[in-house]
Amino acid sequence: MTEKQRRRARKACTELREATDRAGCPLPSLGVDAASVITGGVLVQLGGALPDVITRLAEVIRAGTAALAAGEPEGTVSRLWPPAVGELVVDTGADRVGEFRSEDDAGRWLLAPPAGGDPWAANPDAVRMAGPGDQVRAEAARATARSQKRVG
């Protein structure tokens with residue numbers, strides 16, 4: 001278990017505690033747990049809460065999910081997930097679509113163009129999920145790259 005993993009887990013706990021407190025559904029037993037014996041990653045323990053608190057949390061999650069599904073206004077950043085390797089995201093700071101590759105020691109995310117090319121570092125706070133239009137943009141870039149390889 002690395003200190004970086006513990007820091008990340010503590011930060012996640014703080015963010016979730018603040019969010020659930022603001023939403024009126026505090027999780028009093030929230031804390032950092034031991035490392036997973038399966039993955040080795042540090043786990044966040046959600047702990048126990050009263051049924052009305054969990055019901056409120058479920059309402060908040062459903063409302064947030066519906067808002068995300070309805071689409072976000074341009075320039076809105078939504079960092080509700082750590083992307084999986086290869087997941088398509090948008091760096092709003094650079095106005096570029098990329099695939100998530102890794103996180104560096106400074107906390108920046110390394111993104112790579114979907115059609116290949118040099119990766120770049122992005123501020124995670126300026127990265128959002130790729131929407132349908134972004135996915136089309138990425139597929140067009142991949143198709144163009146494939147056709148150029150066949151021609152050239």
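The protein chain has an accessible surface of about 9700 Å² (Shrake-Rupley method, 1.4 Å probe; for residues, only the protein chains shown count as cover). Carbon and sulfur atoms hold 56% of that surface. This is a predicted model: local features need pLDDT of at least 70, side-chain atom pairs count only at pLDDT 80 or more, and totals for chains, interfaces and linings use all residues. Residues are numbered from 1 along each chain as its sequence is written, and side-chain values use heavy atoms, with hydrogens and water left out.

**Whole chain**

Show the protein chain as a cartoon. Follow the sequence and the pattern reads α-β-β-α-β-β-β-β-β-α. Of the 152 residues, 26% are buried; that term means under 20% relative accessible area, with exposed over 50% and partly exposed in between (1.4 Å probe, protein chains only). Now turn to contacts (heavy atoms within 4.5 Å). Among those between residues at least 6 apart in sequence, 43% join residues at least 24 apart.

**Helix H1**

Select residues 3–22, helix H1. At 1.5 Å a residue, its 20 residues should span 28 Å, and the end C-alpha atoms are 29 Å apart, which agrees. The expected span is 1.5 Å times one less than the number of residues. Next, colour Ala9, Cys13 and Thr20, the buried residues of H1. They sit on the same side of H1, because they cover an arc of only 45 degrees around the axis. The arc is that of the directions from the helix axis to the C-beta atoms. Step on to Gly24, which follows H1 and has a positive phi, near 80 degrees.

**Helix H2**

Go to Thr55 in helix H2 (residues 51–69). Thr55 is partly exposed, at 44% relative accessible area. Draw a distance from Thr55 to Cys25: the C-alpha atoms are 8.4 Å apart, across 30 residues of chain.

**The sheet**

Select the five strands of the open sheet, in the order E6-E5-E4-E3-E7. The pairing is antiparallel; two strands pair if DSSP finds at least two bridges between them. At the edges are E6 (120–122) and E7 (127–129), each pairing on one side only. From one strand to the next, the twist averages 50 degrees. Here axes are lines fitted to C-alpha atoms, for helices over the stretch in contact, and angles run from 0 to 180 degrees between N-to-C directions.

Finish on E3 (residues 88–91) and E4 (residues 96–103), antiparallel strands joined by four bridges. Pick Leu88 and look across: Glu99 in E4 stands opposite.

Note on methods:
Helix = DSSP H or I, 4+ residues; strand = E, 2+ residues; numbered from the N terminus.
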